[in-house]
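Hi there,

Here is the structure I promised to pass on.

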Amino acid sequence: MSERPVTVIGFVPAALASLAEFRPDRSVILIEEPDVVRKRGVRAAAAEAPVVRELIEWEYQTPGAADEFFALHGDLRPAAVAAIQEYGTPFAARLAERYGLPGAGLGAVQLFRDKSLLRRVTRAAGVANPASVGVEGPEEVRAFMAARPGPVILKPADRQASVGTRILHSAAEVEQAWRECVLQDEGVYVPDRPVPLRMLVEECVRGSEYSVEMLVDDGAPLFRNVTAKTLFPGPRPVELGHLVPAAVPEAVRDLLFAQTERVLRAVGFGTGVVHCEWIVADGTPYLVECAGRWAGDGIMDAIERAYPVALVRNFWSLMMGEKPAGPFPGRAAQSVAIRFLDVGAGVVESVQGAEEAAALPGVVSCDVTVRPGEETREVRSSWDRAGRAVACAPTGAEAERRAAEALRRVEVKVRPHH
């Protein structure tokens with residue numbers, strides 16, 4: 001394998017661990033925002049990862065950041081450039097272009113990063129989309145609601161992890177919801193500098209929720225999967241669980257594949273991984289959003305376990321311009337369920353049962369991410385969940401039962417705020 005460095009945009013410990021499985025020591029260059037490096041202790045973490053050669057602090061979420069980086073580091077000659085986190089995808093796509101490497105293409109990623117533009121382009125290509133308009137204040141939200149029956153969704157045009165997203169059923173909710181949704185606190189995961197805010201209000205389509213994950217080589221899918229999604233109850237559409245693969249009829253699966261490929265053609269996607277979210281209502285898939293990066297929430301690992309397939313390794317092979325090793329199975333050998341933990345808002349007093357839960361039959365892992373003394377919040381985005389269990393089984397129903405049982409064994413005592 002080439003000794004030229006692999007360049008990773010965004011600090012994701014699991015991504016570094018996966019690279020360490022097949023890359024030599026000191027073969028990865030990690031690029032991260034200075035504020036995030038400071039807030040997440042990335043410099044110490046990178047020093048402890050033998051696979052990392054260098055950590056470069058760079059404000060990659062600013063206009064022209066990739067071209068400025070290339071002007072200073074044109075002799076870097078990376079073997080591959082890829083972003084693991086959503087906000088690094090435009091920088092990675094442009095940097096890959098400048099170094100002459102495979103990538104998604106900056107134009108495609110810019111459309112993915114702007115939900116409003118993505119709706120316009122994919123609607124023109126024949127993809128069903130919810131009715132949607134940009135809004136600048138509560139008055140425009142109420143006007144949208146008055147023009148159509150049923151609930152709506154208020155959401156940002158360019159954020160991740162369901163941050164700032166809420167379902168509204170009546171105009172009376174709009175003022176309070178607007179105040180809540182525009183305060184998009186992503187904590188240690190984003191820079192401290194302000195980011196321009198653009199909000200959308202959309203028709204709330206009711207149906208079954210899925211995501212499609214594809215490994216794509218120059219626009220052609222090599223591997224395809226459908227993941228089923230379950231949401232927490234309530235007004236915030238935050239994911240409670242995933243099932244890989246989704247237990248759906250072949251006709252639904254094939255329709256989701258076909259529509260995702262239509263999205264890729266519409267935006268001109270090149271090479272990489274896509275994670276495209278859908279709601280199927282009355283047999284029609286409606287596009288929620290699409291991302292040109294690895295799926296989060298442990299879905300990539302779930303896919304590798306279910307099929308099995310070396311998805312991550314083949315991704316990096318493609319990004320380095322190499323022929324992927326495959327094989328790429330069309331059917332999974334088992335089901336993998338992921339289920340998330342909500343402990344409510346307050347201060348954590350004690351955590352028990354995670355080790356016992358992880359030892360249950362079929363349970364791959366059970367992790368609690370909060371510790372005694374830490375504050376927890378009600379689940380408003382993916383960042384507020386307190387842990388997760390992952391389980392395998394021959395069927396989807398059994399995998400979901402095992403994951404749910406693992407979380408039932410976990411006891412997190414939280415003292416509510418007074």
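First, a definition for what follows: two strands count as paired if DSSP finds at least two bridges between them. Helices (H or I, at least four residues) and strands (E, at least two) are DSSP runs, numbered from the N terminus. The model is a predicted one, in which local features need pLDDT of at least 70, side-chain atom pairs count only at pLDDT 80 or more, and totals for chains, interfaces and linings use all residues. Residues are numbered from 1 along each chain as its sequence is written, and side-chain values use heavy atoms, with hydrogens and water left out.

Four strands make up an open sheet in the order 5-8-6-7, and their pairing is antiparallel. At its edges lie strand 5 (132-135) and strand 7 (166-168), each pairing on one side only. On average, neighbouring strands here are turned by 30° against each other, direction ignored (axes are lines fitted to C-alpha atoms, for helices over the stretch in contact, and angles run from 0 to 180 degrees between N-to-C directions). Strand 5 and strand 8 (residues 199-203) run antiparallel and are joined by four bridges; glycine 134 has leucine 200 in strand 8 as its bridge partner.

Another open sheet has three strands in the order 17-15-19, again with antiparallel pairing. Strand 17 (375-376) and strand 19 (411-415) each have a single partner strand, so one side of each lacks a neighbour in the sheet. Two bridges pair strand 15 (residues 346-352) with strand 17, where threonine 376 is the bridge partner of glycine 346.

Best wishes
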